[in-house]
Amino acid sequence: ADSHYCMGKILFEWSNYSDSRRSFECARDIHLEKLGGGITVANSNFYLGCMSEINGDFDSAVHYLQESLVGRKDLLDELDSELADTYSRLGLVYCKRSEWDNAVDCFSNTLKIREANRGTDASTQVLVADSLYDLGTALSKALDTKRSKQLFTDALNEYQLHLDKSHLKIA
């Protein structure tokens, strides 16, 4: 099962989604049958959700990402970065479905976790800025312009501190 999972990750990185999907489904099914669950199931569901989103199947994406979230919440610390990744991806899918309140909830959870894990390195600072931007976007669509404007300002300030001035997120 672990070899199927590793192969799924490699194929995902290579954008070979059909073979990657089969590998993740196999890894997930074996772990469910033999172990009754586990982190490989939650992680496989995360990748299956990502691939469903990429293919425009947002209903399946929500299903897999919610399944991943349930598994990861059961198995990981409440501030684990993998939970933030899952909330973030689920928020993006909700945005594509114009479900702004659900997106706001997901991005709020993403921001909470990423702020708690903020380090001194630029990469974690940029993740916080990305979360501020995503939450601001969802709030602007949900017509909370005052909060969204502040979040966009905060995101820009973070980007300016940690990215080159010519970076697309600033320019």
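Select Ser-131 and display what surrounds it: leaving aside its neighbours within four places in sequence, Ser-131 is in contact with Thr-110, Leu-111 and Arg-114, where contact means heavy atoms within 4.5 Å. This is a predicted model, in which local features need pLDDT of at least 70 and side-chain atom pairs count only at pLDDT 80 or more, while totals for chains, interfaces and linings use all residues. Residues are numbered from 1 along each chain as its sequence is written, and side-chain values use heavy atoms, with hydrogens and water left out.

Ser-131 belongs to helix 7, residues 122-141 (helices are DSSP runs of H or I with at least four residues, numbered from the N terminus). With a relative accessible area of 1%, Ser-131 is buried (buried means under 20% relative accessible area, exposed over 50% and partly exposed in between, with a 1.4 Å probe and protein chains only). Its side chain reaches the backbone oxygen of Leu-127 at 2.9 Å.

Next, select Leu-135, which touches Val-104, Phe-107, Ser-108, Leu-111 and Leu-151 when residues up to four places away in sequence are not counted. Leu-135 is also among the residues with the most contacts inside the largest nonpolar core, together with Phe-24, Tyr-47, Leu-90 and Tyr-159, and this core has 39 residues (a nonpolar core is a set of buried Ala, Val, Leu, Ile, Met, Phe, Trp, Tyr and Cys residues joined through side-chain atoms within 4.5 Å). To see where the core comes from, colour by helix: helix 1, helix 2 (17-35), helix 3, helix 4 (58-75), helix 5 (81-96), helix 6 (100-116), helix 7 and helix 8 each supply at least two of its residues.

Now show the aromatic rings, for which the count comes to seven aromatic pairs (rings of Phe, Tyr and Trp, the last by its six-membered ring, pair if their centres lie within 6.5 Å; planes under 30 degrees apart count as stacked, over 60 as edge-to-face and the rest as tilted). One of them is the edge-to-face pair of Phe-12 and Tyr-47, at 5.0 Å centre to centre with 70 degrees between the planes. Phe-12 lies in helix 1 (residues 2-13) and Tyr-47 in helix 3 (residues 39-54), so the pair ties together parts that are 35 residues apart in sequence. Phe-12 is buried at 13% relative accessibility, and Tyr-47 is buried at 14%.

A tilted pair is formed by Tyr-133 and Phe-152, at 5.4 Å centre to centre with 50 degrees between the planes. Because Tyr-133 lies in helix 7 and Phe-152 in helix 8 (residues 145-162), this pair ties together parts that are 19 residues apart in sequence. Tyr-133 counts as partly exposed at 42% relative accessibility, as does Phe-152 at 28%.

Over the face of Phe-46 lies Arg-72, at 4.6 Å from the ring centre (a charge sits over a ring if NZ of Lys or CZ of Arg is within 6 Å of the ring centre and within 35 degrees of the ring normal).

From there, move to Thr-86 in helix 5, a residue buried at a relative accessible area of 0%. Leaving aside its neighbours within four places in sequence, Thr-86 is in contact with Phe-46, Leu-65, Ser-68, Leu-69 and Arg-72.

Definitions and conventions: A polar contact is a pair of N or O atoms within 3.5 Å; within protein, one must be able to donate a hydrogen and the other to accept it, and residues adjacent in sequence count only if both atoms are side-chain atoms.
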